[in-house]
Amino acid sequence: MDPQALTTAAEPAALADYLAGLPQPPPDHQHGPARSVREDAYQGHRIVITTTYEITVDGRPLPAHVGVSNDGEVHCHALPAYQVRSAVDIVRALIDNFPDDFPEADGDPGHGGHPGHGGHGEHGGG
Amino acid sequence: MAVVRTDIITDTAARDAYVHGVNLLKRESTALSTTAFGIPGPPTVVHTYDLFVIWHHLAMTSPVPPGGDWMVRNGAHRGPVFLPWHRVMLGLLEANLQRVLGEPDFGLPYWDWSADGSLAAPQSARIWKPAWMGGQGRPITTGPFVFNAGDPNSFRVRIETAPDVTLRQVDRGLRRAFGRPTGSLTLPTAADLARTFDTRPPPTGDPDLATYDFTPWNAGSRGFRNQLEGFRGPGLHNQVHRWVGGDMGPASSPNDPVFFLHHCNVDRIWEGWMHRHGRSYRPGMTASPALRGHRIDDPIVSPLGPAATPRSTLDPTAVYSYDVLP
Ligand SMILES: [Cu+2]
């Protein structure tokens, strides 16, 4: 690493101009159900698995990029440090991490009370 | 002149300089507004510190290679470039802190989270005391980064990642929520870190940890990078983000100043690994073009241009070193 190159690139104007010039994700890339594609090669065969998640919270579609990796674990791009066994767990994590997007429901001051989740054994991606 | 990066718990001068410098960068306006970065809403001046929030978000949403699947690996995470990219990012923040502080020999401090993870009550560790980073809350109410809506000079979160992975404007205090069940109940411990350096045969250790990374070069890979990033093994880097919670969860995690202390420690662990195994990196340039952006001589998503490649980051000793390596 070259200290002089670092100092030059670190100038706020240089960094800002660089970032403003980066391609921005297309504005409508988040619409529709979250879709992820797994590809694998096995014994000379090509495997392609497309998984689609249709998720609602409180009846509203969840506009999050939920995907599944080849080992069947689920992650969401908005939460880069999360990769969990169940799509239910990733949605719970989204609710905890984005409190402004999921205002507390009436009469349910806590979390973990959502019905239909039997624990951590459920594989959303498998 | 190379600077020395020190432990923020023991080097209180570095701590005070860091806190002061962060608050200065939070108040320093750039010439560009939110509109220039495609952030919806009224055009609002973007401040220097918040450029790092935008950069982290954009590097995450840059599929690598262009046109690839950003869910598989991106310009900063889930692949070999994870450590080089964050090294460049820290270098640029450190240079900005040196500039606003007028202290060319300032070295970014690190937070040795594995030491705190071994405590009975990590949430009461010194790093969260008012003289360091302040504690948890929505928003936090102690320490140097407390929000006061009426004081334009107070620390505030202005740009964040939304669940749909777009950037949006906000004006609120910093949030932390330690040890939530949906995040992580615990921090990595000293024993977890020791495992990362244990290359003895199983069941004691894992000889693959002597190698930087392995095919398929993603969040499922064997090897040191993925162990430290935390998709394999005890969870290290990822686990710290999840344990701190709040603003450390989303892709806009540089919003929390503890982000840089955390990543400085991640970088220090990488240095500790290279001290044992040499300044080596994989994959090389013979790897598939589908890995463009992660191979040793590919440009990193950074303002340094094509000269900044993973190879160029492997030896940072002209820029900085650490007082102690793990
Ligand atoms: Cu990161």
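## Basis of the Report

The structure is a predicted model. Every value given here is computed from that predicted model.

B:His56 and B:His86 are both buried.

## The Interface of Chain A and Chain B

At the interface, 46 residues of chain A are in contact with 60 residues of chain B. The area buried between the two chains is about 4600 Å², and carbon and sulfur atoms give 65% of this area.

Three salt bridges are counted between chain A and chain B. On the chain A side, helix H1 (3-10), helix H2 (12-21), strand S5 (66-68) and helix H3 (87-97) each supply at least two of the residues that touch chain B. H2(A) gives the largest share, with seven residues. Classified by residue type, the side of chain A that touches chain B has 26 nonpolar, 12 polar and eight charged residues. A salt bridge joins B:Arg180 to A:Asp96, with the closest N and O atoms 3.2 Å apart.

## Architecture of Chain A

Chain A has three helices and six strands. Read from the N terminus, its elements are in the order α-α-β-β-β-β-β-β-α.

Chain A has 126 residues, of which 41% count as buried. Among its contacts between residues at least 6 apart in sequence, 37% join residues at least 24 apart.

## The Surroundings of B:Asp298

B:Asp298 is located in the loop between helix H8 (258-277) and helix H9 (310-313) of chain B. Its relative accessibility is 4%, so B:Asp298 counts as buried. Leaving aside residues up to four places away in sequence, B:Asp298 touches B:Met285, B:Leu291, B:Arg292, B:Gly293, B:Ala308, B:Thr309 and B:Pro310. For B:Met285, the separation from B:Asp298 is 13 residues in sequence and 8.1 Å in space, C-alpha to C-alpha.

Two polar interactions of the B:Asp298 side chain may be described. The side chain of B:Asp298 reaches the backbone nitrogen of B:Gly293 at 2.8 Å. It also makes a polar contact with the side chain of B:Arg295, at 3.0 Å.

Over all chains, the count of salt bridges is 26. One of them is formed by B:Arg5 and B:Asp267, whose closest N and O atoms are 3.7 Å apart. B:Arg5 lies in strand S1 (residues 3-5) of chain B and B:Asp267 in helix H8 of chain B, so the pair ties together parts that are 262 residues apart in sequence. B:Arg5 counts as buried at 0% relative accessibility, and B:Asp267 is buried with a relative accessible area of 3%. Both residues belong to a network of salt bridges that links B:Arg5, B:Arg87, B:Glu94, B:Asp267, B:Glu271, B:Arg279 and B:Asp315.

A further salt bridge joins the side chains of B:Asp50 and B:Arg158, at 2.7 Å from N to O. This pair links distant parts of the chain, with B:Asp50 in helix H2 of chain B and B:Arg158 in strand S4 (residues 157-161) of chain B, 108 residues apart. B:Asp50 and B:Arg158 are buried. Strand S4 of chain B also holds B:Glu160, which forms a salt bridge with B:Arg172, the closest N and O atoms being 2.6 Å apart. B:Arg172 lies in strand S5 (residues 167-172) of chain B, 12 residues from B:Glu160. The relative accessible area is 6% for B:Glu160, which is buried, and 10% for B:Arg172, which is likewise buried.

Key. Residues numbered from 1 in each chain as written. Chains lettered and ligands numbered in written order. Predicted model: local features only at pLDDT ≥ 70, side-chain atom pairs only at ≥ 80, totals over all residues. Heavy atoms only, no water. Buried < 20%, exposed > 50% of the residue type's maximum accessible area, 1.4 Å probe, protein only. Contact = heavy atoms within 4.5 Å. Buried area = accessible area lost by both parts, 1.4 Å probe. Salt bridge = Lys/Arg side-chain N within 4 Å of Asp/Glu carboxyl O. Helix = DSSP H or I, 4+ residues; strand = E, 2+ residues; numbered from the N terminus. Nonpolar A, V, L, I, M, F, W, Y, C, P; charged D, E, K, R; others polar. Polar contact = N/O pair within 3.5 Å; in protein donor to acceptor, adjacent residues only side chain to side chain.
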